[in-house]
Amino acid sequence: MLGEIKGLNEECGVFGVWGHENAAQITYYGLHSLQHRGQEGAGIAVTDGKKVTVAKGLGLVTEVFGQGEISDLHGKAAIGHVRYATAGGGGYQNVQPLHFQSHSGSLALAHNGNLVNATALKHQLENQGSIFQTTSDTEVLAHLIKRSGYQMLKDQVKNSLTMLKGAYAFLILTETEMLVALDPNGLRPLSIGRLGDAYVVVSETCALDVIGAEYVRDVEPGELLIINDQGLTSERFTLNVNRAICSMEYIYFSRPDSNIDGINIHSARKNLGRQMAIEAPIEADVVTGVPDSSISAAIGFAEQSGIPYELGLIKNRYVGRTFIQPSQELREQGVKMKLSPVRKIVEGKRVVMVDDSIVRGTTSRRIVNMLREAGATEVHVRISSPPIKNPCFYGIDTSTTEELIAANHTVEEIREMIGADSLVFLSEEGLVKAIDRPYEGQYRGQCMACFTGKYPTEIYPDTLHPHEKVVTC
């Protein structure tokens, strides 16, 4: 994925293992496979049955744990986290797992998602005497747990989860157990696997493959898992579920070798490309995709249309993550460092450029210009998702309509702005049909809010920017 030049970034990835003698090492490999979900910080919490130890830092997994820190983490169970900062901002104090200590023991928290009522809950808790140590919305859960009044941790967690609104996949680690929870909409992916006698919980199934674990099943929306030395127990913290997994997991975020609800991401993206070719055929000479997440859709478009697929754009995988771009000229150069057109492939050709989304439009314009400079006679842009017209409040860093080009311009205006000969977005119906999730309803268990403006949860006023309005499903 193109990270900062693409315009979409996801919040985090989580990984947990219980019952393995090398829990920290296994977690390290698992987090490495989830690195695409967050590059700002990484952390691991481990328990040896008597105490919880945490190591974390800013940077990539290999940077944070590159000096032998893993060797100091001893225990049979661990949870890990990779983070991209959206809600709460960046900084070391917000790197997870968050670690809390009290007279009754330790508790470590790892969270993927975003709580839409975090601000309201923080105000309520502060009025009751809570003092927050971070600006992360994740910390809210720890305070709710300690104030719940129940004796058993699972009851404390159940009670607390019913107060949360938004997207959350939580891993909670204490000295003696690990708890796993997924929000009632299942907005973020979360799966269970087995590695020998150990249980593994991951944001994406690709992490199971990397460590050699066997996939068991996906965690259900509204489900609470309790994992300890006695095994795994499944309970419900709510029966009021409404499946609405983020559509962008299929379109953009998840790795192509991951599966969600039995659907392979690469296959889903190929189907999106095929559907795009059906909805918007074009006469052209070559099809190319914008690396990496659009390659699968481009292959599908090529197969359906009969137009040859070619590697018309190459991604440089060795460019640093923090390229400083103080001027427009250097920003343009930054894109050229990330992507290069293959001149001999596109020169003199009518090119179909397949991409997964257009957020702000700047990157699309630069890529179209690069293809033209490389000699493409025509550049036809096909987007394998509908126009993103609405902000996301569930963990993607598009929080206002002002920054979304499709919220403020027509498709024809966007075509002119990016300099394409033609531009077509996939229809909402085509998106749902292509992914083909095994559920009933108009959207087949997908969240389509960024396309439709219909949100699966209540959106709280303090979450909105001035003049923003939303509709809930």
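In what order do the four strands of the open sheet stand? The legends below start from that point and refer to a predicted model.

**View 1. The open sheet with parallel pairing.** Its four strands follow the order β17-β20-β21-β22. Strands β17 (286-289) and β22 (422-425) lie at the edges, and each has a single partner strand, so one side of each is left without a neighbour in the sheet. From one strand to the next, the twist averages 20 degrees.

**View 2. The pairing of β20 with β21.** Strand β20 covers residues 350-355 and strand β21 covers residues 378-383. The two run parallel and are joined by six bridges. Opposite Val352 stands His380 in β21. Helix α14 (residues 411-418) packs on the sheet, where it touches β21 and β22. The direction of α14 makes about 130 degrees with that of β22.

**View 3. Gly395 in the loop between β21 and α13 (405-408).** The relative accessibility of Gly395 is 3%, so this residue counts as buried, the cut-off being under 20%. Tyr168 is 227 residues away from Gly395 in sequence, yet their C-alpha atoms are 9.1 Å apart in space.

**View 4. Confidence along the chain, with two stretches of pLDDT below 50.** Over the chain the mean pLDDT is 90, and 89% of the residues reach 70 or more. For residues 1-6 the pLDDT stays under 50, and the model has 27 contacts beyond four places in sequence for this stretch. Residues 321-328 also have pLDDT below 50; the model gives them 14 contacts beyond near neighbours in sequence.

Key
Residues numbered from 1 in each chain as written. Predicted model: local features only at pLDDT ≥ 70, side-chain atom pairs only at ≥ 80, totals over all residues. Heavy atoms only, no water. Pairing = 2+ DSSP bridges. Axes fitted to C-alpha atoms, helices over the stretch in contact; angles between N-to-C directions. Contact = heavy atoms within 4.5 Å. pLDDT = per-residue confidence, 0-100. Buried < 20%, exposed > 50% of the residue type's maximum accessible area, 1.4 Å probe, protein only.
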